[in-house]
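Hi,

Here is the structure I promised to pass on.

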Amino acid sequence: MEKKQNKKLLIAIVAVIIAAVAMFGIYKTLMPKAKAGEKEITVVVVHGDKTEKKFNYSTDEEYLANVLTDNKLAEGDDGEYGLFITTVDGETADDSKEQWWCITEGGEAVTTSASELVIEDGDQFELTLTEGY
């Protein structure tokens with residue numbers, strides 16, 4: 001009886017592992033792909049005092065983080081999920097005030113870091129100094 005239970009448990013574990021590998025493969029296949037070539041993008045910076053500055057870039061880069069750092073618009077720390085933006089256009093987020101730089105694209109929240117955010121011609125991104133976690 002115990003051997004049957006162990007066998008069922010082993011089969012269940014193997015099935016879960018296979019499903020996880022399959023889901024990872026599907027994710028990698030369907031995730032947005034970076035495109036090489038010249039692109040025009042806009043980055044709008046919304047500072048803590050709510051003033052806005054617009055920056056237009058022509059770039060061959062494929063990811064937003066590269067555009068931001070190459071043009072010295074943003075600085076940050078490289079972490080597990082890519083670039084963690086700490087400073088934009090000379091303004092540094094203050095941890096003691098729970099400030100952080102929020103990235104949106106066309107006003108919609110993004111679900112990746114700037115290091116994984118694929119850019120396409122005509123994109124507009126916003127970097128907004130946000131307070132409160």
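**What turned up**

Lys53 is partly exposed, with a relative accessibility of 41%. Keep in mind that this is a predicted model.

Searching the whole structure gives one salt bridge. Lys53 sits in strand S2 and Asp89 in the loop between strand S4 (82-88) and strand S5 (91-92), so the pair ties together parts that are 36 residues apart in sequence. Asp89 also counts as partly exposed, at 23% relative accessibility.

Then there is Gln99, in strand S6 (residues 99-105). Is Gln99 buried or exposed? Its relative accessible area is 13%, and because buried means under 20%, Gln99 counts as buried. The Gln99 side chain makes a polar contact with the side chain of Glu131, at 3.3 Å.

On the surface I have two patches for you to look at. One is negative and is made up of Glu38, Glu40, Asp60, Glu120 and Asp121. Of these, Asp60 is in the loop that runs between strand S2 (52-59) and helix H2 (64-70).

The other is nonpolar: Leu9, Ile13, Ile17 and Val21, which together have about 380 Å² of accessible area. Ile13 belongs to helix H1 (residues 2-30) and is partly exposed, at 43% relative accessibility.

Cheers

Terms used. Residues numbered from 1 in each chain as written. Predicted model: local features only at pLDDT ≥ 70, side-chain atom pairs only at ≥ 80, totals over all residues. Heavy atoms only, no water. Patch = residues over 30% accessible without salt bridge, like charges linked within 9 Å, V, L, I, M, F, W, Y side chains within 5 Å. Areas by Shrake-Rupley, 256 points an atom, 1.4 Å probe, with all protein chains shown as cover. Salt bridge = Lys/Arg side-chain N within 4 Å of Asp/Glu carboxyl O. Lys, Arg positive; Asp, Glu negative; His and termini not counted. Charge placed at Lys NZ, Arg CZ, Asp CG, Glu CD. Helix = DSSP H or I, 4+ residues; strand = E, 2+ residues; numbered from the N terminus. Buried < 20%, exposed > 50% of the residue type's maximum accessible area, 1.4 Å probe, protein only. Polar contact = N/O pair within 3.5 Å; in protein donor to acceptor, adjacent residues only side chain to side chain.
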